[in-house]
Amino acid sequence: MRSRDAFSYIVLRVVPDIEREEFVNAGVVVFCRPRRFLEALVELDGDALRALDPDADLEAIHGQLEMARAVAAGTLERPPFGSMSQSQRFHWLSTPRSTVVQPGPLHAGTTHDPAATLAHLFETVVRRP
């Protein structure tokens, strides 16, 4: 049996109207420092978002979610992201902000397979079978 390592994760939320505090879960970011793993999966349910805000700019929100995915993957080269470590990128992604795409609370656990944990969390909190 493989050893289990600590990991942290956040759920990316789309909050179209900050005053109403309603949101749609649209992604998960998992960081497992011992395994050097930082990855995000994102997917926006446009129908669920339109139910909260019929005027939401889906294209712009998709762009923000893809940027978060690229920051996690380390593929966004523009400053300051190109020089950030995985830990720094996760901290940037998990820092609270008042924008349409926001990180939820920080959660932690242990895993022997961070990629499988990411896939499970994504299916559970974003796709909600």
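In the present structure, which is a predicted model, glycine 27 belongs to strand 2. With a relative accessible area of 0%, glycine 27 is buried, because the term applies to any residue under 20%. Once neighbours within four places in sequence are set aside, the contacts of glycine 27 are Ile10, Val11, Leu12, Leu41, Val42 and Val126. One of these residues, valine 11, lies 16 residues away along the chain, yet the C-alpha atoms of glycine 27 and valine 11 are separated by 5.7 Å.

Helix 2 spans residues 58-73. It consists of 16 residues and extends 22 Å from its first C-alpha to its last, close to the 22 Å expected at 1.5 Å a residue. The buried residues in helix 2 are Ile61, Leu65, Ala68, Ala70, Val71 and Ala72. An α-helix has 3.6 residues a turn, so residues three or four places apart point the same way. The buried residues of helix 2 pack against strand 1 (5-14), strand 2 (24-32), strand 3 (37-42) and helix 1 (46-52), as well as against helix 3 and strand 4. Just beyond the end of helix 2, glycine 74 adopts a positive phi of about 80°.

In soluble globular proteins, nonpolar side chains tend to be buried together. The largest nonpolar core of this model contains 25 residues, of which Val14, Val29, Ile61 and Leu65 touch the most other members. At least two residues of this core come from each of strand 1, strand 2, strand 3, helix 2 and helix 3. Helix 2 provides the largest share, 6 residues. The surroundings of isoleucine 61 illustrate the packing: beyond its neighbours within four places in sequence, isoleucine 61 is in contact with Val14, Leu44, Leu49, Ala56, Val100 and Val101. Another core, of 11 residues, lies apart from the largest one and includes Phe7, Tyr9, Leu121 and Val126.

Rolling a probe the size of a water molecule over the atoms shows where empty space is left. The largest pocket in the model has a volume of about 170 Å³. Its lining is formed by Leu12, Gln64, Met67, Ala68, Trp92, Leu93, Arg97, Thr99, Val101, Gln102 and Pro103. Helix 2, helix 3 (86-94) and strand 4 (101-103) each contribute at least two residues to this lining. Sorted by class, the lining comprises 7 nonpolar, 3 polar and 1 charged residues.

Among the lining residues is methionine 67, which is located in helix 2. Methionine 67 has a relative accessible area of 25% and is therefore partly exposed. Not counting residues up to four places away in sequence, methionine 67 touches Leu76, Arg78, Phe81 and Trp92. Glutamine 88, in helix 3, is also partly exposed, at 43% relative accessible area. The C-alpha atoms of glutamine 88 and alanine 72, which are 16 residues apart along the chain, are separated by 9.9 Å.

Most residues other than glycine have a negative phi, and most peptide bonds are trans. In the loop between strand 1 and strand 2, glutamate 21 has a positive phi, near 60°. The relative accessibility of glutamate 21 is 64%, so this residue counts as exposed. Arginine 36, in the loop between strand 2 and strand 3, likewise has a positive phi, of about 55°, although it is not a glycine. Arginine 36 is exposed, with a relative accessible area of 71%.

The peptide bond from proline 79 to proline 80 is cis, with omega near 0°. Proline 80 is placed in the loop between helix 2 and helix 3. A further proline, at position 96, occupies the loop between helix 3 and strand 4. Proline 96 is exposed, since its relative accessible area is 70% and the term applies over 50%. The C-alpha atom of proline 96 is separated by 9.9 Å from that of leucine 106, 10 residues apart along the chain.

Note on methods. Residues numbered from 1 in each chain as written. Heavy atoms only, no water. 1 Å grid on protein atoms, 1.4 Å probe; cavity = no way out; pocket = protein on both sides within 12 Å on 5 of 7 lines; lining within 4 Å. Points joined across faces, edges and corners; volume = space filled by probe spheres on them. Helix = DSSP H or I, 4+ residues; strand = E, 2+ residues; numbered from the N terminus. Nonpolar A, V, L, I, M, F, W, Y, C, P; charged D, E, K, R; others polar. Expected span 1.5 Å × (residues − 1). Buried < 20%, exposed > 50% of the residue type's maximum accessible area, 1.4 Å probe, protein only. Contact = heavy atoms within 4.5 Å. Core = buried A, V, L, I, M, F, W, Y, C linked by side-chain atoms within 4.5 Å.
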